[in-house]
Structure formats: structure tokens, C-alpha cells
Amino acid sequence: MVPMRRLLLLAFSFAVAGETGTPPGPDLPLLPLSLESELSPALDRAWIARSLDELAEGAKKRVAEAPDAHARLETLLKYLTQERSFTPEAPGASLQSLTLTSLIETGRGASETLALLYAELARRHGLVLVPCYAPDRLLLRFDEKGTQTFVDLADKTVGLTEAAYRLKLGLPEGSGLDA
């Protein structure tokens with residue numbers, strides 16, 4: 001049986017990449033909202049869109065003042081997790097914790113959902129992040145000038161390399177992170 005979190009990641013990855021490999025567009029749902037629709041039949045997509053707009057606007061000035069892309073990623077992470085107090089829940093939380101609505105309303109949710117929220121906010125600030133699956137978490141990869149760094153919302157960190165993540169997660173040398 002495939003864990004629900006893995007299915008969520010795969011659904012998001014396919015939705016983002018599509019057949020062309022392009023990043024999400026402004027009207028592409030952040031999460032596979034079909035899952036959320038099943039959990040919350042009264043899903044208010046307009047409210048989600050307004051909430052995302054408000055979060056992106058709240059970070060706009062801070063992110064724009066950052067001197068480079070890495071600093072913009074760090075600034076956005078601090079805005080989301082410190083100023084706005086968004087917090088990942090421990091693994092094994094309820095299915096409801098996977099929903100974007102629950103995350104926005106409570107500030108708490110699955111680390112995967114928080115990562116996808118972060119990826120959407122980053123996209124709105126011109127930073128494209130690619131979801132990557134590690135054995136126990138969803139990482140977001142940022143590619144710049146031939147260098148890959150990772151954002152880890154479970155640990156609230158920005159900037160580790162793939163080699164550092166392999167070591168941290170106990171993955172064998174030469175193994176990669178699935179994109």
C-alpha cells in the first residue's frame with residue numbers, strides 16, 4: 001500500500017510538471033484539490049485563492065528586499081514559519097492535516113502541505129521549486145546556476161545540498177532524491 005503522503009506528492013508532482021515540465025501557473029491548484037474536495041465537500045476555492053494572495057502580498061516587500069535568490073528563500077521561510085507561525089505537524093497526523101484549508105485556517109498541517117504552500121508562495125515571487133521525495137519527507141529543490149539546494153519545511157531549513165541531505169537522511173552514497 002502506498003502511503004497517502006506519497007500519493008499526495010505524486011499527484012502534485014504530475015499536476016505541476018504536466019507533459020511539458022512547466023512550473024505551476026497562477027490558476028493551477030496548489031494541492032490536488034480533488035483530495036481536499038473529498039475530505040471537505042464544501043471546499044471554497046475562492047477563499048483559498050484569496051488566502052494565498054494575502055500570504056504572498058504579506059511577504060512581498062521583505063522578499064523583494066533580499067539581495068539574492070537564496071536570501072529570498074530564507075526570508076520567505078522566516079515569514080511563513082516565524083511571522084505567520086505556520087508549523088508542520090508530526091508525521092502520522094490526520095488526513096485533514098493534508099488539506100490546504102486546514103493549514104491556512106490553523107497554521108498547522110502536514111509538512112508536505114506546508115512545503116507545497118511554500119512552493120506556491122515562492123512561485124509568486126519568481127522562485128521555482130521542484131518537489132522531491134526523500135524517504136520520510138517532501139523536499140523542495142531550487143536550481144540556480146548549476147547548483148541545487150533544498151528547502152526542508154519539516155526542519156525549517158534552506159540551503160543544504162543533495163549530498164548533505166543524503167548524509168542527514170542516512171541514504172547510501174550515490175543515491176538521489178526522487179523528483
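# A guided tour of the chain

Start by selecting K145, which sits in the loop between β4 and β5. The helices (H or I, at least four residues) and strands (E, at least two) named on this tour are DSSP runs, numbered from the N terminus. The model is predicted: local features need pLDDT of at least 70, side-chain atom pairs count only at pLDDT 80 or more, and totals for chains, interfaces and linings use all residues. Residues are numbered from 1 along each chain as its sequence is written, and side-chain values use heavy atoms, with hydrogens and water left out.

Is K145 buried or exposed? K145 has a relative accessible area of 79% and is therefore exposed; the cut-offs are over 50% for exposed, under 20% for buried, and partly exposed in between (1.4 Å probe, protein chains only). The phi of K145 is near 50°, a positive value in a residue other than glycine. Two residues separate β4 and β5, and the two strands form a hairpin.

**The whole chain**

Now zoom out. The chain has seven helices and six strands. Read from the N terminus, the order of elements is α-α-α-α-β-α-β-α-β-β-β-β-α. Of the 179 residues, 44% are buried. Among contacts (heavy atoms within 4.5 Å) with a separation of 6 or more, 52% are between residues 24 or more positions apart.

**The sheet**

Select β3, β4, β5 and β6. These four strands form an open sheet in the order β3-β4-β5-β6, with antiparallel pairing; two strands pair if DSSP finds at least two bridges between them. The edge strands, each pairing on one side only, are β3 (129-134) and β6. From one strand to the next, the twist averages 30°.

Y133 has L138 in β4 as its bridge partner. Strand β4 (residues 137-144) is joined to β5 (residues 147-152) by five bridges, again antiparallel. In this pair, L140 is opposite V151 of β5. V151 also stands opposite V158, in β6. The antiparallel strands β5 and β6 (residues 157-160) are joined by three bridges. They form a hairpin with four residues between them, and K156 in that turn has a positive phi of about 60°.

**T149 in β5**

Next, select T149, a residue of strand β5. Why does T149 count as buried? Its relative accessibility is 15%, so T149 is counted as buried. Leaving out residues up to four places away in sequence, T149 touches L140, R141, F142, G159 and L160.

The buried residues in α4 are A69, A71, L73, L76, L77, Y79, L80 and T81. Their cover includes α3, α6, β3, β4, β5 and β6.

From α4, move to S85, in the loop between α4 and β1 (87-89). Phi of S85 is near 60°, positive in a residue other than glycine. At 44% relative accessibility, S85 is counted as partly exposed.

**The cores**

Last, select L117, Y118 and L129. In the largest nonpolar core, which has 33 residues, these three touch the most other members. A nonpolar core is a set of buried Ala, Val, Leu, Ile, Met, Phe, Trp, Tyr and Cys residues joined through side-chain atoms within 4.5 Å. At least two residues of this core come from each of α3 (45-65), α4 (69-83), α5 (100-106), α6 (111-124) and β4. Which element supplies the largest share of this core? Helix α6 does, with eight residues. Another core, of five residues, lies apart from it; C132, A134, L139 and Y165 are among its members.

How values were computed: Axes are lines fitted to C-alpha atoms, for helices over the stretch in contact, and angles run from 0 to 180 degrees between N-to-C directions.
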